[in-house]
Amino acid sequence: IAMGLGSLLISHMAIAQLDSWVYKLKKNEAEKVVKHKARLVARGFVQQPGIDFDEVFAPVARMESIRLLLAVAAQKVWHVHHMDVKSAFLNGDLAEEVYVKQPPGFVIAGEEDKVLRLRKALYGLRQAPRAWNVKLDHTLKELGFDQSKHEHAMYRRNNGGSALLVGVYVDDLVITGPSTRAIEQFKEEMKAKF
């Protein structure tokens, strides 16, 4: 939503600075370009605590926990799957009001003084990892997972006596369990959500 700066009655309104567009070419095994990617990155390093963000901490599984998860899977001869959530940070809902200047190349003529309010996180924002983690945590719990009391980035779901284990490291998920059907079902549930 575009708003004129003059019409805002916020005493300490924060306007996150946009750093730039980051362009990347995605190539296949034969080095042929298969996708052109563009990502708008915010300059999170200029954000101010208490104004632009409150919480930035996002739990990730410790490497020891991931190793233990893999050791259990190896001992029990379970399949191990990996998922990388594409554009994970863009799925995070922002709790704070964050405004950005209009991005380069998308400035509306005659309304250059207006800013945009972000509803979702952008890469580079200090609170982006936290916003994503809150969304993922809520989603996993909605899907019937219980969070470990000892390792906050580890989750377990029981499906008719068969456990499904998930370890979270930012936007990467390590998934294991005795039932490949349960793993595939979970992957489809995640694809439907994200």
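Of the 194 residues in this chain, 38% count as buried, where buried means under 20% relative accessible area, exposed means over 50%, and partly exposed lies in between (1.4 Å probe, protein chains only). This is a predicted model, in which local features need pLDDT of at least 70 and side-chain atom pairs count only at pLDDT 80 or more, while totals for chains, interfaces and linings use all residues. Residues are numbered from 1 along each chain as its sequence is written, and side-chain values use heavy atoms, with hydrogens and water left out.

**Overall layout**
- The chain holds three helices and eleven strands; helices (H or I, at least four residues) and strands (E, at least two) are DSSP runs numbered from the N terminus.
- Read from the N terminus, the order of elements is β-β-β-β-α-β-β-β-α-β-β-β-β-α.
- Among contacts (heavy atoms within 4.5 Å) with a separation of 6 or more, 63% join residues 24 or more positions apart.

**Helix H3**
- H3 spans residues 180-193, 14 residues in total, and its first and last C-alpha atoms are 20 Å apart, close to the expected 20 Å; that expectation is 1.5 Å times one less than the number of residues.
- Its buried residues are Ala182, Ile183, Phe186, Lys187 and Met190.
- They sit on the same side of H3 because they cover an arc of only 140 degrees around the axis, taken from the directions from the helix axis to the C-beta atoms.
- On the other side of H3, Arg181 and Ala192 are exposed.
- The cover over the buried residues of H3 includes helix H2 (128-142) and strands S5 (79-84), S9 (154-159), S10 (162-169) and S11 (172-177).

**Ile175, a residue to look up**
- Ile175 belongs to strand S11 and is buried, with a relative accessible area of 0%.
- Leaving aside neighbours within four places in sequence, its contacts include Ile183, Phe186 and Lys187, as well as His79, Val80 and Leu164.
- Ile175 and Leu70 are 105 residues apart in sequence, yet 9.4 Å apart in space, C-alpha to C-alpha.

**Surface**
- Val60, Met63, Tyr169 and Val170 make up a nonpolar surface patch with about 300 Å² of accessible area together.
- Patch residues have over 30% relative accessible area and no salt bridge; nonpolar side chains (Val, Leu, Ile, Met, Phe, Trp, Tyr) are joined within 5 Å, like charges within 9 Å.
- A salt bridge is a side-chain nitrogen of Lys or Arg within 4 Å of a carboxyl oxygen of Asp or Glu.
- Met63 lies in helix H1 (residues 63-76) and is partly exposed, at 41% relative accessible area.

Notes
Areas by Shrake-Rupley, 256 points an atom, 1.4 Å probe, with all protein chains shown as cover.
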